[in-house]
Amino acid sequence: MAVGLVWRAAPRWLLAALGLGVVVGVGPAATAWATKLLIDDLTAAAGASRGRVVLLVTLVTGLGLVLTIASSAAGVVAQELKRAVDLQASTDLFSALAARHDLACVEAPAQHDRVALAARGAELAPATLVDLVLQGASGVLTIAAYVTALAAIWWPAGLLALGVGVVALGAQIARGRGSAAAVEQYIGLWRRRDYWTRLATGAAPAKEVRLFGLLPHIRDRLVDTLARGTRAQADQVRRTARLQILLALLSGAVVLGATIVVALRTVAGQLSVGSFTLFVAALAGIATTTAALTSMVGQAVEGMRLFRHFATFVTDAEEADTGVDPGPLAEAIRLEDVWFRYGDGPWILRGVDAVLRAGTATALVGLNGAGKSTLVKLLMRGYDPERGRITWDGRDYRDLAPAALRRRLSAVFQDHTAYEVSAGENIGLGDLDHREDVDRIRAAADAAGIRDTLDALPQGLATLLSLEHADGPEEGIMLSGGQWQRLAVARALMRRNPSLLILDEPNSGLDPLAEQDLHRLLRTATAGTTRLLVSHRLDAVRLADRILVLDGGRVIESGTHADLIDADAGYARLFRLQAAGYDT
């Protein structure tokens with residue numbers, strides 16, 4: 001798959017790299033052989049032909065020039081190929097992330113590790129593979145040419161050189177596997193290191209971090225994490241250094257022994273000075289090329305082992321977004337004996353039965369930990385129930401394509417995202433197909449009661465909403481919590497006529513007057529839309545067509561506000577308790 005990735009990224013650059021690799025590989029040996037012929041002619045007892053000397057000098061110089069140009073061109077090709085491959089790998093990785101319909105890949109440590117390993121594999125493997133293609137082909141040709149030269153001069157030297165190369169290759173392969181294993185073992189620690197760094201430098205946590213004087217504590221945690229995470233790297237560096245020293249000693253011993261033998265044969269008149277020069281150059285070339293090539297193979301082994309994580313992640317994602325488009329909601333969404341828990345943890349939902357009828361407003365209330373947020377995740381198919389099922393007009397959710405389902409939904413989440421882009425883009429992201437439709441953006445801002453605020457910004461809708469980034473010379477600004485909340489509502493309203501609109505605490509961060517105004521605007525803007533309103537504030541849900549009371553993962557009450565007040569059970573007691581808080 002890695003080779004296929006390189007080919008898909010830049011087939012022409014790859015072919016160019018292979019062609020230049022042949023030239024760079026054969027060039028040194030050809031130059032050394034031409035130099036040998038020149039030296040033999042210059043030291044010949046009978047004297048050298050001037051024409052032949054000129055020809056050989058021209059040949060040596062020309063080969064050197066060609067090799068220099070080819071090496072420079074190979075460097076340019078390598079950069080272009082790496083750039084294209086890196087872009088392709090990043091595209092594949094993010095496409096795979098986009099295709100993952102579940103939330104487990106961002107809500108479980110093991111899945112975070114998996115994504116991090118996939119990213120590491122995408123970063124390392126293609127680059128090392130490009131190096132191996134570029135330098136490996138030329139390196140093999142160089143070694144083959146030099147070994148041929150050695151065999152022609154003194155054949156045992158060729159076998160010794162090959163033997164040293166095989167030993168070095170095996171050692172580097174073992175090193176590459178060890179490096180990959182260390183990355184797999186410590187990837188969680190390295191992610192933790194990044195977390196502590198973001199906590200120390202990010203704008204969002206800055207107030208609390210400084211108020212409580214947490215920077216020294218964060219520094220200590222970061223240093224501890226770095227110490228544990230880099231210990232494996234340090235061990236690997238030491239092992240690599242020992243390996244390189246042993247290989248250097250082995251190579252040096254072979255070079256010394258072989259050179260002494262050939263030097264003595266030259267003194268005895270059995271070999272020419274040119275042959276001795278070629279022999280020395282070949283030995284040095286083999287030693288240098290073998291060291292570089294085997295080291296590269298070790299890196300490639302590490303990269304390819306990590307690339308398996310990338311390949312698996314991409315392949316799994318290709319199979320993830322399957323199913324049919326549910327079409328507009330005509331009748332109802334039903335939850336039938338739905339059970340769910342995260343991993344092996346306690347059950348969050350315990351046999352939930354509920355109906356969200358098309359065109360009606362259903363409210364979901366309950367204390368913290370009742371399971372409201374989990375139920376919302378199931379409705380957007382962030383997870384599938386472990387038991388029971390959810391249906392869309394009678395069709396099981398598991399049969400629906402997640403992306404197609406989500407195009408039928410819109411939502412305002414309590415923990416909404418403050419995107420550090422322009423104000424207009426913050427709203428336009430709610431419907432990517434219309435993200436540049438200014439009239440539609442303004443209409444959504446109007447419906448959320450935020451348009452006047454946005455029009456008053458320095459650059460209007462084009463104003464960057466960020467304290468960490470800048471748009472050219474213009475620095476960004478930051479909105480208040482309530483303004484961000486209304487912006488999130490506007491983003492949800494960009495998607496017109498959704499089959500289900502989820503309003504998860506849409507009034508969080510608002511004062512009572514703003515809250516009342518927002519609910520009035522939402523009732524007007526979403527009339528006739530199927531809505532699920534999740535809220536702790538019972539006064540905000542009293543006008544819903546049906547109210548579901550969730551407690552301990554079960555729906556314990558269901559009905560209109562009047563019905564539940566008349567029942568005088570948990571909902572009624574909680575409503576009176578909240579009302580009393582406003583009366584005191």
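These questions and answers cover a helix pair and a group of aromatic rings in a predicted model. Local features need pLDDT of at least 70, side-chain atom pairs count only at pLDDT 80 or more, and totals for chains, interfaces and linings use all residues. Residues are numbered from 1 along each chain as its sequence is written, and side-chain values use heavy atoms, without hydrogens and water.

Trainee: Are helices α2 and α3 roughly parallel or roughly antiparallel?

Mentor: Helix α2 spans residues 11-42 and helix α3 residues 50-99. Their axes come within 8 Å and cross at roughly 155 degrees. Angles run from 0 to 180 degrees between N-to-C directions, and over 145 counts as roughly antiparallel. So α2 and α3 are roughly antiparallel.

Trainee: How many residues of the contact of α2 with α3 are nonpolar?

Mentor: Ala, Val, Leu, Ile, Met, Phe, Trp, Tyr, Cys and Pro count as nonpolar. The contact also has five polar and three charged residues. The nonpolar residues number 26.

Trainee: What kind of aromatic pair do Phe340 and Tyr342 form?

Mentor: Rings of Phe, Tyr and Trp (its six-membered ring) pair if their centres lie within 6.5 Å. Planes under 30 degrees apart count as stacked, over 60 as edge-to-face and the rest as tilted. Here the centres are 5.0 Å apart, with 90 degrees between the planes. The pair is edge-to-face.

Trainee: Is Phe340 buried or exposed?

Mentor: Buried means under 20% relative accessible area, exposed over 50%, and partly exposed in between (1.4 Å probe, protein chains only). Phe340 has 4% relative accessibility, so Phe340 is buried.

Trainee: Which residues do ring pairs link into a cluster?

Mentor: Phe340 and Tyr383 form a tilted pair, 5.1 Å centre to centre with 50 degrees between the planes. Ring pairs make a cluster of Phe340, Tyr342 and Tyr383.

Conventions. Helices (H or I, at least four residues) and strands (E, at least two) are DSSP runs, numbered from the N terminus. Angles under 35 degrees count as roughly parallel, over 145 as roughly antiparallel, 65 to 115 as roughly perpendicular and the rest as oblique.
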